[in-house]
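I am opening a new page for this protein. I will write down what I look up, one topic at a time.

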Amino acid sequence: MNPGLPTAAKPVRFNAFQMNTPSHQSPGLWRHPRDTGAGYRDAGYWVELARLLEAGGFDAIFLADVLGAYDVYGGNLDAALRHGVQLPLNDPLALAPLIAQATTRLGIGVTASTGGEHPYTFARRISTLDHLSGGRIGWNIVTGYLDSAARNLGQERQLGHDARYDLADEYLEVVYKLWEQSWEDGAVLRDRERGVYTDPARVHPINHRGEHYTVPGIHLCEPSPQRTPFLYQAGASRRGLAFAARHAEATFVSGPTKGIVRRYVDGARAAVHEAGRDPASLLVYAQALVVTGATEAEARARLQEYRQHIDIEASLTLLSGWTGVDFSRYGLDDTVEYIDTEAGRSALASLSAAEPSRRWTVREAAQFIGLGGRGPTIVGDPRQVADQLIAWVDETGIDGFNLAHALAFEDMRNVVELVVPELRRRGRYRGEDADEDVQAGATLRERLLGAGPRLPDTHPGRQVRIDTPLRPAA
């Protein structure tokens, strides 16, 4: 546990872990007769889901993304296409205006890779979305891990793991300069009498020239409500954790046991402290799948039903993409050992660390991640689920959960209608009138951290200057 960080009274927080695709982290469940994932193509699908989540007091809808396809398994795309493993896949940022229009409080977290788009154009897209949403945009900063994405962007393969973070450091430097420094407060006058819309003396070119990017000009957008979007990041490697400690306001962890998650939380908060920031200011969400019903029997029957739709090959296609290891080369009864790859360093490590004396077989690993990904499955009636969620928060120091799903609407609706009321009854979830205590029109940062709409002064994004580079400490 973390001294000075009491957890007993902390409310349980929820994000909904979604993706603009028919099948996210339960890749075989699209075959379930009650699955509605094919509706991802329709605006109404996302509007209905967003309104459900807002009614349930969720912090945000969190939209995952990759900019490539899972072609490691078998050395081609056949399995990913055949089993619908995060394919087909649409742009998550395009959903933000739909969700913003349908809701008034729900945060909108979008995933975008620093290797996928130039920081100059990306900064404009995010500022636009932050304006349109009234300051409810969050950015999940990822560095990418699929070589298929790199090839389609004109590279032979992804940069090495740590090199991707080196590039990301400069990427953040560029967007911070654009968002935080290019336009001064009060630059936009809209003075009809004098005919001056913007004071040129208060708008500055950033004159950035670095190893990866040259951006001489100004930001095209006037400052949005948050200027810099709320920052999410999920680095679990040593380099990734250092990056998160500098930049992230919220981070995610995927681990099958409380012990693994607690070690991550302790390490993340210690790293934030070492980076000169308040460790209590970092929100940590753990991935989990909640399977519930009116009774325990109903919940367990639903779980058994879900398990019947787990697709082993689809799960291994997903795991191969995460790790860079082609699991088609292994027998299902072969044991899984931790393999350090340039793709993802945590997927196999978390399994190995969960039970050090256990040797997972390939089949067991596929069955585990095939339903909700790499987090725990929490099953039971509303009281039992609430007990488990509270225990995870109190015993690990996390702040809440990034909720995966087997069936998007069914699982989210069950959480909203069954689990949320039980948590509220215990005083461990935000009340239905909680937003009365928050100023109308509050930004995502204000709602989550209880402070102002902008990054705090201690954050590197506020410390960057357009005439000096921002570089991580040696």
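How many residues does helix H9 have, and how far does it reach from its first C-alpha to its last? I am working with a predicted model, and in it H9 covers residues 296–307, which is twelve residues. I find a reach of 16 Å, close to the 16 Å expected at 1.5 Å a residue.

**Entry: the buried side of H9**

I looked up which residues of H9 are buried, and they are Ala299, Arg302, Leu303 and Tyr306. Viewed down the axis of H9, the buried residues fall within an arc of 100°, so they line one face of the helix. I then asked what covers them. The cover includes strand E11 (283–292), strand E12 and helix H14 (408–425).

**Entry: the whole chain**

I stepped back to the protein as a whole. I note 474 residues, of which 56% count as buried. The protein has 16 helices and 13 strands. I also looked at contacts with a separation of 6 or more: residues 24 or more positions apart account for 77% of them.

**Entry: confidence**

I checked the pLDDT before going further. The average for the protein is 89, and 90% of the residues score at least 70.

**Entry: nonpolar cores**

Which residues touch the most other members of the largest nonpolar core? I have Phe14, Phe58, Trp139 and Phe401 on my list, in a core of 81 residues. Helix H6 gives the largest share of this core, ten residues. Another core lies apart from it and has 36 residues, among them Tyr70, Leu87, Phe230 and Leu448.

I followed Phe14 in more detail.

**Entry: Lys177**

Is Lys177 buried or exposed? I find Lys177 in helix H6, which spans residues 161–181. Its relative accessible area is 3%, and buried means under 20%, so Lys177 is buried. I looked for a partner for its side chain, and a polar contact of 3.0 Å joins the side chains of Lys177 and His208.

**Entry: Asn402**

Asn402 is in strand E13, residues 400–404. With 3% relative accessibility, Asn402 counts as buried. I set aside residues up to four places away in sequence and listed what Asn402 touches: Asn15, Phe17, Phe62, Phe252, Tyr285, Ala286, Gln287 and Ala288.

**Entry: Gly375**

Where is Gly375 placed? I find Gly375 in the loop between helix H12 (362–369) and strand E12 (377–380). Gly375 counts as buried, at 2% relative accessibility. Not counting residues up to four places away in sequence, Gly375 touches Gly255, Gln287 and Phe368.

**Entry: backbone details**

I ended with the backbone. The peptide bond from Leu87 to Pro88 is cis, with omega near -5°. Pro88 is placed in the loop between helix H2 (78–83) and helix H3 (96–102). Gln86 is found in the loop between H2 and H3 too. I note a phi near 55° for Gln86, a positive value in a residue other than glycine. Gln86 counts as buried, at 3% relative accessibility.

Arg227 also has a positive phi, about 60°, although it is not a glycine. I find Arg227 in the loop between strand E8 (214–215) and strand E9 (230–233). At 4% relative accessibility, Arg227 counts as buried.

Conventions: Residues are numbered from 1 along each chain as its sequence is written. This is a predicted model: local features need pLDDT of at least 70, side-chain atom pairs count only at pLDDT 80 or more; totals for chains, interfaces and linings use all residues. Side-chain values use heavy atoms; hydrogens and water are left out. Helices (H or I, at least four residues) and strands (E, at least two) are DSSP runs, numbered from the N terminus. Buried means under 20% relative accessible area, exposed over 50%, partly exposed in between (1.4 Å probe, protein chains only). A polar contact is a pair of N or O atoms within 3.5 Å; within protein, one must be able to donate a hydrogen and the other to accept it, and residues adjacent in sequence count only if both atoms are side-chain atoms. Contact means heavy atoms within 4.5 Å. A nonpolar core is a set of buried Ala, Val, Leu, Ile, Met, Phe, Trp, Tyr and Cys residues joined through side-chain atoms within 4.5 Å. The expected span of a helix is 1.5 Å times one less than its number of residues. The arc is that of the directions from the helix axis to the C-beta atoms. pLDDT is the predictor's confidence in each residue, from 0 to 100.
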